[in-house]
Amino acid sequence: MPGRHGAPMADRRVLMLTGVLLAAALLFLTWHLREPMGFILSLRAGKLAALILVGAATGAATVLFQTIVGNRLLTPGIVGFDALFIFLQTMLVLVLGGVGFTQLHPNLTFLGETALMTGAALLLFHVLLRRGAEDIARMVLTGIVLGLLLRGLSDFAQRLLDPSEFSILQFVTFASFNSVETANLGVAGGLIALAILGALRLAPSLDVAALGRPVARGLGLGYDRVVMQALALVAVLVSAATALVGPMTFLGLIAASLAREVVPESRHALLLPAAAVIGAITLVAGQFLFERLLGQQGALGVVVEFLGGLLFLALVFGRRRL
Amino acid sequence: MRPWVAWALLLGGLSAVSLCVGATSIFTGELDAGWILAISRFPRTAAALLTGVGLALAGVVVQQSVQNRMVEPSLIGTPEAAMLGLLAITLLAPGAAIVTKMSVAAVAALLGMGLFLLIARAIPRHDPMLLPIIGLIYGGILFSSAIWIAWTTDLMQYLGTWRLGEFSGVMQGRYEMLWIVAIIALLLYAIADRITLLGFGEAQARSLGLNYAQTRGIGLAAVAVITAVIVVTVGYLPFVGLLAPNIVSRWRGDNLRANLPVVAALGAASVLSADILGRVLRPPYEIPAGTIFAVFGACVFLWMLNARPARRAHG
């Protein structure tokens, strides 16, 4: 029983996780460092920041989303965010042409994409949840099907591109940590930090919301309002992460599931930071492993997706409850 | 007018349009019209009709087998499993005959469905929307492994053609395997009553005297072969198997003995319409029928999801 002694214990675990993250980050920065040090360090620091931001945002967003949906198998990534991202990129290339697209200011595209994706997600949530927040499965499925629709439209639009424009598009729609726009890191970092702080402020309400709508309302929680706030945070976090590196579906599932193992109680004040830190560790350690030790730059995204997929199946079979 | 006459007229009319419309005109006499019809237009029309029939019937069988109207093969990972099989045989035996490749793909599709049924058993039935969600994730996992294999072995282009159904490449000599679909359609019609019973669930179907496991096995084997044939010859089209059965059952109920032909006809008519539309929208270029159906089908599915009343208890 995680009683009175459970809480400090779990706190210590979050601290330990942070220590692991710091160690991984140091290792990532200093492994085989040689001249010109300043240049290499600044390059690595940019990539490290991107990895940490994306990992933390995805981990925290997934915990939020799973609490709202009441299901530990789902991630915000499957609700059509990746398809929306690809659709936006396709439309940009189609409207501006390949050259115009590459000349856009990166901050502008980043902020624009994040705003559009957050707006679209909130619209979806709003339209679908108006009749009451209990109908989450319908919302999820609607999101997935909208994703399929957008993918179809993107396919359609890509038929209209010429080959060089198409290759530009293909490059930006693959999840990659090697081509992060460092100019965006500051903006993205600010947005993600704000959203995670907001999530932490919401944590006590989330603990109650996790009991389900009837119980939470019985305890006096404005359930629908909390759900909308949490979903807004999810939208900001996922949009920022996706706009930064491109679509990653299953990273959040890994982070959230591991966080629930490490922090066995369901207090969100601990779960959220744990998931954020684990998400960051997964990416930093994974990138270190693949890039520095195995010499395979591009493999991390694919491997994380594949392992996440296996984890998903293991969860379905292992728990037998959804 | 009797219903079957109306359907025959509709399909006949669409086929006539399909025979006449295309990049080259058959009326100006520049090229031998009979030759174009024989080598391109007729095979193309037949391929679209057969594909539509196959996809619609596959949808019915899957829906009855898992007792859920919100699924079809592409929503439970079946085409993706077939693609994995195809990748495997392409890598192991590049020169294998097309029949061999198709058989391997069918076996893989069947394995994929078997695994999905195992997963589906762990999912509670209280919410019918959960099953397609899990199925889509499952398909996504299979597809991302396929992408990974194809990416490392330079087979990405194959994957593209298998995933996106289109009929512009159909010619005499390259589509005949699709006639297997016609044979399977007849077989399914012969056991239509038993497939209706599948929809009652295992306990009830067995108490009504059905050999449940055997019937479901036959049905899913049929789905696997249909999926494999379509993926190999023209590429998969999403949503056909979802929409055709649902529209028909809203309108005429669930007696499959009476409805299977209607479902098949509706599937055939809609796929052929999508193909014709793809030919006329931006000539002389063609938009794949799969793309058109993805957009159109997703819209109808969204309507289905959100138009039906959420819960009657609220009223």
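**Exercise 1.** What is the mean pLDDT of chain A, and what share of its residues reach 70 or more?

*Solution.* Start with what we are reading: this is a predicted model, where local features need pLDDT of at least 70, side-chain atom pairs count only at pLDDT 80 or more, and totals for chains, interfaces and linings use all residues. Residues are numbered from 1 along each chain as its sequence is written, and chains are lettered from A and ligands numbered from 1 in the order in which they are written. Now the score: pLDDT is the predictor's confidence in each residue, from 0 to 100. For chain A the mean is 78, with 86% of residues at 70 or more.

**Exercise 2.** Find where pLDDT stays under 50 in chain A.

*Solution.* Look at residues 1–6 of chain A, where the model has three contacts beyond four places in sequence (contact: C-beta atoms, placed from the backbone, within 7 Å).

**Exercise 3.** Describe the side of chain A that touches chain B.

*Solution.* First, count: chain A brings 29 residues to the contact and chain B brings 28. Next, find the top contributor: α5(A) gives the most to chain A's side, with 15 residues. Finally, sort by class: this side of chain A has 17 nonpolar, four polar and eight charged residues (nonpolar: Ala, Val, Leu, Ile, Met, Phe, Trp, Tyr, Cys and Pro; charged: Asp, Glu, Lys and Arg; polar: the others, Gly among them).

Definitions and conventions
Contact = placed C-beta atoms within 7 Å. Helix = DSSP H or I, 4+ residues; strand = E, 2+ residues; numbered from the N terminus.
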